[in-house]
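Please look over the sequence and the model below before reading on.

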Amino acid sequence: DPPELEVREVKDRSMNLRWIQRFDGNSIITSYDIEYKNKSDSWDHMYTTRNISPTNNQANIVELHPACVYSIRMFSYNKIGRSLPSKELTISTEEAPPDGPPMDVILQPMTSQSIRVTWRAPKKELQNGVIRGYQIGYRENGPGSNGQYSIVEMKATGDSEVYTLDNLKKFAQYGVVVQAFNRAGTGPSSTEINATTLEDVPSEPPQNVRAISVTSDEAVITWAEPPRMTLHGVLKGYRVVFWSLFPDGEWGEMQNITTTREQVELRGLDKFTNYSVQALAYTQAGDGVRSNVLYIQTREDLPGPPAGIKAVPSSPSSVVVSWLPPLKPNGVIRKYTIYCSSPGSGQPAPSEYEANPEMLFYRITHLSRGKQYHIWAAAVTTAGRGNISSKVTVEPAGKVPAKILSFGGTVTTPWMKEVRLPCSSVGEPAPTIKWTKDSEDSAIPVTADSQR
C-alpha cells in the first residue's frame, strides 16, 4: 500500500511531513520517495526527494517558495517495486517579506515644496505574497541634515504607484527610497535617488540696507545678502525700488534698478526731496520680500530762478517788485536778493536788497524820477544763491497808474471748499479790485470782499 501522508507544519520556505506505512506487501520497505510540484504545473515538472530511509516516518521539505500552492504525493519501495502514489495533498506556504525592491523609482519635483514619486511593484517572483503597501523614506541631503529618513506609508493600489511628498524645504535636495511590504514584513529598499525641489522666491530681504552717501541729486545704497537658507534658489541679483514723497503726501513715480552687486548708485534724484527706498533679492522664480523702507532726503542745492518777476512804479521815487518762488527751490529758501541797476549811472555793481522768504514783494525807494532801472531777483538757500530771474525794466513816475502786483495762475482746490486768492495792487488813488468770471458773452462779477 502507499504511505498515508500528512502535513505536520508549514512555513514560508519549508514544510514538515509525516507518514504511516500500513501494509508492506509482505516485503520489507526499502525506501520512500516524496514528489512535489506547483499546483498549476503537471507532474512532469515535479521536484523529488528520493531514497528516504525506511526507518524514518517524517521529513522536512525545504527551499520552497513563499506564498505558493504545492501538490505533494509519496511512494514506498520494497524489493518487488514501487507502490501506487499516496493521496495527493495540497499545501500553501506562508508569506515571507518581499525579496526584491520596488522597480523603476522616478522622482519629479512638482513645486518648491513637493516631489512626486512613482514606481512599480517588485518583480512578481520576489513579492513572496500579496503586496499590501509601501513605505517611502525621504531625507534632506544637505548641510545640517541629520541623515535620518522620514517615513510615510501608503496602501498598494496596483502595479504602478504614485505618491507626492509635500511640506519639503524649498530648493533642497532630497534622497528617496521605497520599500514594499506584505503580511509577513517589509522587503529591501530601492536604491536611493535624489531630486531637488523647485526654486522659490527669497523669503527674507537683503540685510542692513543703508545709505552711505547722499548728495543733492545722488545716493549710494548698500546692503548684505539675505541669509543663505532663505534664498530658496540661485540668487540672480537684486532690485532697488525707490520713489519720491512730496510735501502734499503724494508719491512720485516708482522706479527700480537691477544689479548683481550689493551696492547701487541712485542718480538724477530731485534735490532736497524725500525718498523711500527698498531692496529685494530675486531668483529664477521671481522677486523676494522687500526690505523695510529706508527714508532718505537729498541735500539742499542752489535754488532755481524765481518763476516770475514784476516791477511797477509806486511813487515818483520808488517802485514795488514782486516775484514768484522758484519752481525748484532745491532746499529751504532762506531769503531773496533783489538787484537794481541803472544803465549809464556809472555804478559798477547793482544795488542789493534782501527780503524775508515769506515776502514775495519788496519796495525799493530813493530812486530818481524819470530814470530807468533794471531789476532782477534770486533765491538763496544754505547752499548759496541760485540762478537769477529774468530782468525787468521800470521807471518811477509822478502819476502812479493802477497795476496788479500778484501773478495769475491755476489754483486747484477740493469741491465746495472756500479758497482765497490774494491780489496785491498799486495806484494813486488806490484802485478798486473787482473779480469776474469769464463767460461766452461777458465777464460776470464774483462777490465780494476783494479776496473771493
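The points below are grouped by topic.

This is a predicted model, in which local features need pLDDT of at least 70 and side-chain atom pairs count only at pLDDT 80 or more, while totals for chains, interfaces and linings use all residues. Residues are numbered from 1 along each chain as its sequence is written, and side-chain values use heavy atoms, with hydrogens and water left out.

**Domains**

- An unreviewed UniProt entry lists "domain: Fibronectin type-III" for residues 1-96, 101-200, 205-301 and 305-399; UniProt positions follow the numbering used here, feature names are shortened, and annotations may be inferred rather than shown by experiment.
- Residues 101-200 are 0% helix and 52% strand, with end C-alpha atoms 34 Å apart; helices (H or I, at least four residues) and strands (E, at least two) are DSSP runs numbered from the N terminus.
- Residues 205-301 are 0% helix and 49% strand, and their end C-alpha atoms lie 33 Å apart.

**Positive phi**

- Most residues other than glycine have a negative phi.
- Asp-104, not a glycine, has a positive phi of about 55°; Asp-104 belongs to strand S8 (residues 103-111).
- Asp-104 is partly exposed at 47% relative accessible area, where buried means under 20%, exposed over 50% and partly exposed in between (1.4 Å probe, protein chains only).
- Asn-128 also has a positive phi of about 55° without being a glycine, and sits in the loop between strands S9 (114-120) and S10 (133-140).
- Asn-128 is buried, with a relative accessible area of 2%.

**Salt bridges**

- There are 17 salt bridges in the structure, each a side-chain nitrogen of Lys or Arg within 4 Å of a carboxyl oxygen of Asp or Glu.
- One of them pairs Arg-13 with Asp-99, with the closest N and O atoms 3.1 Å apart.
- Arg-13 is in the loop between S1 (4-10) and S2 (15-20) and Asp-99 in the loop between S7 (89-92) and S8, so this pair ties together parts 86 residues apart in sequence.
- Glu-192 and Arg-139 form a salt bridge at 3.0 Å, N to O; Glu-192 lies in the loop between S14 (185-186) and S15 (193-196) and Arg-139 in S10, 53 residues apart.
- Lys-170 and Asp-200 form a salt bridge at 3.3 Å, N to O.
- Lys-170 is in the loop between S12 (160-165) and S13 (173-182) and Asp-200 in the loop between S15 and S16 (207-214), so the pair ties together parts 30 residues apart in sequence.
- Lys-170 is partly exposed at 28%, whereas Asp-200 is buried at 18%.
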